[in-house]
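Hi,

Here is the structure I promised to hand over. Please look through it first; my notes follow below.

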Amino acid sequence: MFDIAWSEFMLIGAVALVVIGPKDLPKAMRTVGQAVGKIRRMASEFQGQFNDAMREAELHDLKKQVEDVGGTVSSAMNTDFKPIEMPASTGLDDAALKEADAKLAALPPPDPLPPVEIAPAQIASAEIASAEVAPVAQAAAPEPAAEPSEPAPVKTPRKRKTAAAEPGEGSAA
């Protein structure tokens, strides 16, 4: 930041040790650290406010440019714009519509789709494929385990020993 080398820091530390003294040096270092922290926080806050102001200025400029473009587009458009109006329905148009409906009704209906048939060879191959899969699935299934002939022995719980010895047993108290 300030291009201070380690040797210069050592020199500053030695001078501070002599001038301030070993007793007050930790307190002085703590105070300097807190001051540097406050300065850094203030600098970052200032930088954040500056960046916000720059963004607002950029947004203001961008908004102005968009408004200028919008004004240019609206002025370039024909102000005498009139939408296309549908002509009033006349008897001639109604007659043409009735004629088109009559021609459409005279056309033959479309042919129905042919039925789909499955060939016997396809059915036989499907049965073979399912027969090959079934034994594999049966072989992969685990067999039920045989029931044990003897019941498992039941363990009896052990009594716990107390951690503290009684005053009369084995202690020299």
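How much space lies in the largest pocket? About 290 Å³. Keep in mind that this is a predicted model.

**The pocket**
Two helices, α1 and α2 (25-76), each supply at least two residues of its lining. The largest share comes from α2, with six residues. The lining residues are Phe9, Ile12, Gly13, Ala16, Ile20, Leu25, Ala28, Met29, Val32, Gly33 and Val36. By class, nine of them are nonpolar and two are polar.

**The fold**
The protein chain has four helices and zero strands. From the N terminus on, the order is α-α-α-α. Of its 173 residues, 1% count as buried. The chain exposes about 17600 Å². Carbon and sulfur atoms supply 64% of that area.

**Confidence**
The chain averages a pLDDT of 75. A score of at least 70 is reached by 60% of the residues. Among the elements, helix α1 (residues 6-20) has the highest mean pLDDT, at 90. Helix α4 (residues 120-140) has the lowest, at 55. Over residues 136-141, pLDDT stays under 50. For that stretch the model has zero contacts beyond four places in sequence.

Best regards

Notes: Residues are numbered from 1 along each chain as its sequence is written. This is a predicted model: local features need pLDDT of at least 70, side-chain atom pairs count only at pLDDT 80 or more; totals for chains, interfaces and linings use all residues. Side-chain values use heavy atoms; hydrogens and water are left out. pLDDT is the predictor's confidence in each residue, from 0 to 100. Contact means heavy atoms within 4.5 Å. Buried means under 20% relative accessible area, exposed over 50%, partly exposed in between (1.4 Å probe, protein chains only). Accessible areas come from the Shrake-Rupley method with a 1.4 Å probe; for residues, only the protein chains shown count as cover. On a 1 Å grid over the protein atoms alone, a cavity is a set of points where a 1.4 Å probe fits but cannot get out, and a pocket is an open set with protein on both sides within 12 Å along at least five of seven lines; lining residues have an atom within 4 Å of a point. Grid points are joined across faces, edges and corners, and a volume is the space filled by probe spheres set on the points. Ala, Val, Leu, Ile, Met, Phe, Trp, Tyr, Cys and Pro count as nonpolar, Asp, Glu, Lys and Arg as charged, and the others, Gly among them, as polar.
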